[in-house]
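I opened my notebook with two topics to look up.

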Amino acid sequence: MKEDQFRTQYKKAVDTMSASQEMKQGLADKMEQKRRPRKMVYIAASVLVAAGIGLAGPSLMKQLGGTASPNQVAQVDPGTPAAGNSAGVFIPKIELPDKSSGAAADMIGLVVYQGNIYTQAAIRIEAADAAALRGEKLGRTTSGIDEWSGKDAYTELASNIGETDIYAVKGYDSGFLVMSYTEADGQVFAELYEHTNGITVHSGADLIGKLNLDGRIASAQWESFDSWNNGKQQYLPLPEGAALDGFLSALMTAKPLAADPLMEQGIYDQGDRKLVYLQLEDKTRVELTLFGQGLVRYSNAPVFFEVEPGAFKALWDSMKA
C-alpha cells in the first residue's frame, strides 16, 4: 500500500469512529505499524474481535499495537500511562481488566508467569531453531484467558494460547523471556514471550540490554521504510564495524522517553524510519526501529530511546540503498 493510500484509509477509518481520542490514536498506531505476515511458527492465540465497547485501557493499544499480529490486541488494562521523568520511564504493570467494565478486544498471545503478563515477544526465532534454546521447564499453561476474562483469570500460568509447556530460554533471564514449546506430528510449535511491563527504564540497558547483544551479533540487515511499508522485504546487508558497534554501545546508555507524548506528536505520521534486523548467534532475530530524529524503539514497550547524536547519525548514514 502506498503512503497516500494508507493515509486516506486511515483518515476514513478515524472519521467514522465515535470512540475516544485515545482509542483513535491506538488504532492509528496499530495501522501504522502493520506487519508483514510472520514466518515464525507460533501457537495461535485464542483471539478475537474488537467490539469497540469502551476499552478499559485504550493506551494499551499504543503499548501493544506496534508488533501485534493482525487481529491481535491484548485485552488488558495498562493502568497509568507511562511517564518519563528524571528517574526514568515507568511502564505500568499490565493487568487484566475488570470484565464488568464492558471491555472487549481481540488479544495477542499472553502468558501469566510469576505474577506478570508476558506477551508475544519482538525477538523471534524459527521453529527449527527453538529446541536449542529450550531451557528448564517452568510449567504448563492453562487456557483460562479469553476476551471475556476478568482479573479473576489472572492466575499463575493462565494464558490464551491453550495448554502448552513453558520453558526458560537459554542465555536469557526468565524474568524477561520465556518460551512456549510443543512438538506434535513431527512439527515444532514455539513462540517467545517477553515481560516488558511493570518496570522502570532508566536507559537502553534496562530493556534492550536484556537481549544480551554484546558480542553475539552474527549478521545484520536493514530495510527502508518504503520497503517495510509496502511489504517488499528488501533487506540490505548492514556491515558490522565501528558504526554498528558505536550505535549499539550508545543505545545501552540512551535516554528513555515515554511513548505517549511522541505518538501524540505524530511520530508515526512520518516515514523517516529505517528498520534494523540483528541476527544473533543463537538464531534469534532482534528488530529495532530507527526514527530520523535520533530515536529508537524496540518491541511494544511504550518507550523510545534517544541515542547520542553522533553514534546514531553514523549508523543512519551508513544505511543507503
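I began with a definition: a salt bridge is a side-chain nitrogen of Lys or Arg within 4 Å of a carboxyl oxygen of Asp or Glu. I noted that this is a predicted model, where local features need pLDDT of at least 70, side-chain atom pairs count only at pLDDT 80 or more, and totals for chains, interfaces and linings use all residues. Residues are numbered from 1 along each chain as its sequence is written, and side-chain values use heavy atoms, with hydrogens and water left out.

**Entry: salt bridges**

How many salt bridges does the structure hold? I found five.

I looked up Arg-140 and Asp-165. Their side chains meet in a salt bridge at 3.0 Å, N to O. Arg-140 lies in strand E5 (residues 134-140) and Asp-165 in strand E6 (residues 165-169), so the pair ties together parts 25 residues apart in sequence. Helices (H or I, at least four residues) and strands (E, at least two) are DSSP runs, numbered from the N terminus.

Buried or exposed? For that I used relative accessible area: buried is under 20%, exposed is over 50%, and partly exposed is in between (1.4 Å probe, protein chains only). Asp-165 is buried at 15%. Arg-140 is partly exposed at 42%. I also noted a network of salt bridges that links Lys-137, Arg-140 and Asp-165.

Next I checked Asp-226 and Lys-232. Their side chains form a salt bridge at 2.6 Å, N to O. Asp-226 is partly exposed, at 38% relative accessibility. Lys-232 is partly exposed too, at 41%.

Then I turned to Asp-317 and Lys-313, whose salt bridge is 2.5 Å, N to O. The two are four residues apart in helix H8, so about one helical turn separates them. Asp-317 is partly exposed, at 32%.

**Entry: the sheet and its helices**

In what order do the strands of the open sheet run? I read seven strands, E11-E10-E13-E14-E15-E16-E12, with antiparallel pairing. Two strands pair if DSSP finds at least two bridges between them. The edge strands, E11 (236-237) and E12 (255-258), each pair on one side only.

I followed one pairing. Four bridges join E14 (residues 285-291) to antiparallel E15 (residues 295-298). Phe-291 stands opposite Leu-295 in E15.

Helix H6 (residues 242-252) lies across strands including E10 (217-224) and E16 (303-306). It runs at about 85° to E14. Helix H8 (residues 309-318) lies across E13, E14 and E15, at about 105° to E14. Contact here means heavy atoms within 4.5 Å. Axes are lines fitted to C-alpha atoms, for helices over the stretch in contact, and angles run from 0 to 180 degrees between N-to-C directions.
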